[in-house]
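Student: Please take one part of this model, the nonpolar core, and look at it closely. Then connect it to the rest of the chain.

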Amino acid sequence: MGAQNDKTMDKLISLAKRRGFIFQSSEIYGGINSCYDYGPLGIELKKNIKELWWQSMVYERDDIEGVDASILMHPKVWEASGHVDGFTDPMVDCKQCKSRFREDQIDTQKPCPVCGTRDSFTEARQFNLMFKTYMGPVEDSGHIVFLRPETAQGIYVNFHNVREAARQKLPFGIAQIGKAFRNEITPGNYIFRTREFEQMEMQYFVKPGEDDEWFTYWKEQRFQWYDRLGLRREKLRFHGHAQDELAHYAKKAFDIEYEFPFGWHEIEGIHNRTDFDLGRHKEHSGKDLRYYDDQSKERFIPYIIETSIGTDRTLLTCLIDAYTEEEERVVLKLAPSIAPIKVAVFPLVKRDGMPEIAKNIAADLRGKYRVFYDEGGSIGRRYRRQDEAGTPYCLTVDTQTMEDQTVTVRERDSMEQERIKMDDLQAYLEDKLKF
Ligand code: ATP
């Protein structure tokens, strides 16, 4: 990572803490590696990202249903899925400084990136990334359960439940947002790679033979979604997996990558998982997971097209993409739809009845939007604070308000100001802040 890039990340991390987006977990005890807590603004941003995803994947369609499966599942799920045997990363240690690396993330022919020693790496060992724990008071091998390393399996095992309950026919999908856990060998880059994270996954069940077409469809749909998130197009690209990069279950895979200050990296994966998942669960559970197509009168195991995106990684992407340093200010140019606070309301001064009017405006808007009322400090400083929080609109009650019932509306990115009648504020904001 270059010095400049280091600085960008450092500045962003400091802003995120200062403004209450992200704190280190258990900070008063010195923190715990790679675990983070979302503060008042962070939780709003995260919630808005999840809502935008749910909106486009579930509410705007009639072929996708939601589930919320439990994190702990029957241990056989992870045998069937291939995670017990195969969810491993190759791990190497530097014999000199004892640093630990993922073999596929470094060049072992080169010196150790931490201490610079040559030929100091151990042979690679496969390390299983699943977190293990015990169900109930007895800690023996018969009671081992895993914290799920992906949300997808909770969808596969509910395939027939959801299909029957929601009366869906192929092609249809199941969406889920939830926590996943991976005991990553080298977490890092802030919330980019952590051991506990959230995923937003959608599994789309299709008839074999129609899978290529649906794969292309979802690849395009998902790429377009990032426009709604407000990300810069030139910072996004596809990375197609070569044959030797494909996961054991995948016939075809594309990642959507973003250019982070530390390089191009995946934020979402789109996979054609074939009939692998339902086939394996059918085999391991003994339950018939085939689908009966009443038109062709055939019974078959559906193919699955998966779209899988990390919520925390997306949130980091949004923060990085929005972070802008200008001559006199730092501003988060977040898309209004995901901005944590939509509107800030200020009285210009703390007298002449202005605070009362401003408080009334804030109260009227509350309930519909996340609103922030602030009467402390100079107006310039109050604007700057909201710029750093990414608040798209600031409303100021001033002397003219008393005369003509208008307020100043200041737009975050252009800093342009216009006067809007108080009676028209609801309609004005509704138009500006629509999803
Ligand atoms: P990598 O190769 O980087 O370990 P992966 O290909 O195993 O990632 P997937 O299993 O496809 O990742 O997971 C789907 C998405 O979940 C990723 O695109 C990412 O956004 C998110 N994700 C995966 N692992 C982590 C993690 N450790 N921390 C945060 N987000 C993660």
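**The core and its surroundings**

Tutor: Of the 435 residues in the chain, 35% are buried. A residue is buried if 20 or more other C-beta atoms lie within 10 Å of its own, exposed if 12 or fewer, and partly exposed in between, with C-beta atoms placed from the backbone. This is a predicted model: local features need pLDDT of at least 70, side-chain atom pairs count only at pLDDT 80 or more, and totals for chains, interfaces and linings use all residues. Residues are numbered from 1 along each chain as its sequence is written.

The C-alpha atoms fill a box of roughly 75 × 65 × 50 Å, taken along the principal axes. The chain has 13 helices and 23 strands. Both are DSSP runs numbered from the N terminus: helices are H or I with at least four residues, strands are E with at least two. The domain assignment gives domain 1 (3–75 + 147–321) and domain 2 (341–432). Such bounds come from an automatic or database domain assignment. The C-alpha centres of domain 1 and domain 2 lie 37 Å apart.

Now the core. The largest nonpolar core has 81 residues. A nonpolar core is a set of buried Ala, Val, Leu, Ile, Met, Phe, Trp, Tyr and Cys residues joined through C-beta atoms within 7 Å. Cys318, Leu319, Ile338, Val343 and Val345 have the most contacts inside the largest core. Domain 1 and domain 2 both give residues to this core, so it lies between them. A second, separate core of five residues includes Val92, Cys94, Phe101 and Cys112.

Take Val343. Not counting residues up to four places away in sequence, Val343 touches Leu365, Tyr369, Val371, Tyr393, Leu395 and Leu429. Contact here means that two C-beta atoms, placed from the backbone, lie within 7 Å. Across the chain, 63% of contacts between residues at least 6 apart in sequence join residues at least 24 apart.

Helix H2 (residues 40–59) packs against helix H9 (residues 311–322) at an angle of about 110°, with axes 10 Å apart. Axes are lines fitted to C-alpha atoms, for helices over the stretch in contact; angles run from 0 to 180 degrees between N-to-C directions. H2 is therefore roughly perpendicular to H9. Angles under 35 degrees count as roughly parallel, over 145 as roughly antiparallel, 65 to 115 as roughly perpendicular and the rest as oblique. In this pair, Leu45, Lys46, Ile49 and Lys50 of H2 meet Thr311, Thr314, Leu315 and Cys318 of H9.

Turn to helix H8 (residues 276–285). Its buried residues are Phe276, Asp277, Leu278 and His281. Their cover includes helix H3 (75–80), H5, H6, strand E13 (263–274) and strand E16 (303–310). Just after H8, Gly286 takes a positive phi of about 75°.

Leaving out residues up to four places away in sequence, Val157 touches Val77 and His281. Val157 sits in the loop between helix H5 (152–156) and helix H6 (159–166). Val157 counts as buried because it has 23 C-beta neighbours inside 10 Å.

Last, Arg382 in helix H11 (residues 379–389). Arg382 has 19 C-beta neighbours inside 10 Å, so it counts as partly exposed. Beyond its neighbours within four places in sequence, Arg382 is in contact with Phe346, Asp374 and Gly377. Arg382 and Phe346 are 36 residues apart along the chain, yet their C-alpha atoms are separated by 8.2 Å.
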